[in-house]
Amino acid sequence: MTIRSAWRALWRGEAKDSAAGRLMALNIVGRPAWTPRRYDQFAEEGYRKNVIAYRCIEMVSQGAAAVPWVLYRGRRDNAVEVEDHPLLSLLSRPNPMQGGAELFEGFFSFLQIAGNSYIEAVGPDGREPRELHVLRPDRMRVVPGGRGLPQAYEYAVGGAKTTWPVDPIRGRSPILHIKAFNPLDDWYGMSPIEAASFAIDQHNEAGAWNKALLERSGSPSGAFVYAPKEGPPNLTDEQFDRMKVEINEKVSGAKNAGRPLLLEGGFDWKPMALSPKDMDWLAGKDVSAREVALAFGVPPQLVGIPDQATYANFGEARLGLWEETIIPLIDQ
């Protein structure tokens, strides 16, 4: 096929299709493919409740958003920097509510939490956009097309719904969808939180255990032993319930730490202590935190995790973060 005939075919709307593309949406053409229902759990357990994952996401997204955009005109050999251009103005002030750094911080944060991130271009049809908006990935649905490309993007909030069609030839749309690689899904990316989910759960449970320990006067639980010298060997149900209420009100909790307990009627307190081996949970918490940082590509030293062999100093760790994580993310 000559160049002229190729242009004519493109102008007529003809396109070459992937042989496997039509199989990607074999049973769901024209119907939204739902986002995996794990996003809310990733956002809650991985971002809002886990300080290591939160800090890793903040470091990567803020670093990537802080990189300035530079525009050049011409070929690479003799390109000239352009300092005043509508594109630079758009990236600097993408919408009335956000600056450029804030918009891109949200964009990169969503990409790490959900594995998907979406930007909407707002402007007159067929002309350059006037505004850019980052959209929440849990509200966006991809509508598969028959050629293995999206047919449309659908955004739903409550009962309201907005749909943006996708050009079936060029694949262009007012929605820019960037997704991480996912070996098991054709339409949605995989979040780093998913790879670190077990480590995040372990780290959160270790923190919850430590909090519960502090609420019990900073020591492990002991046992109240009922051994009367005379009378029935067991407490009645009423006595047992009353004992639990008094313990909860007068002994448990940080405000009652160190308060003496008055026992009567044949009760004895048998304290139980943890051995140094049992206290290895602290080292286990560091292991979980290191695995979380590894999933996000953040050197452990930068989030306060002791590490012996990876980087010689803090400066090398920061350089590794930029070379191995932030710059490749921006390139994507």
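Of the 332 residues of the protein, 31% count as buried, where buried means under 20% relative accessible area, exposed over 50%, and partly exposed in between (1.4 Å probe, protein chains only). The structure is a predicted model, in which local features need pLDDT of at least 70 and side-chain atom pairs count only at pLDDT 80 or more, while totals for chains, interfaces and linings use all residues. Residues are numbered from 1 along each chain as its sequence is written, and side-chain values use heavy atoms, with hydrogens and water left out.

The protein contains ten helices and ten strands; helices (H or I, at least four residues) and strands (E, at least two) are DSSP runs numbered from the N terminus. Among contacts with a separation of 6 or more, 61% join residues 24 or more positions apart, a contact being heavy atoms within 4.5 Å.

In helix H2 (residues 39-48), the residues Tyr39, Phe42, Ala43 and Gly46 are buried. These residues lie on the same side of H2 because they cover an arc of only 110° around the axis, the arc being that of the directions from the helix axis to the C-beta atoms. Asp40 and Arg48, on the other side of H2, are exposed.

Three strands form an open sheet in the order S5-S6-S7, with antiparallel pairing; two strands pair if DSSP finds at least two bridges between them. Strand S5 (140-144) and strand S7 (160-165) are the edge strands, each pairing on one side only. S5 and strand S6 (residues 150-157) are joined in the antiparallel sense over five bridges, and Met140 stands opposite Tyr155 in S6.
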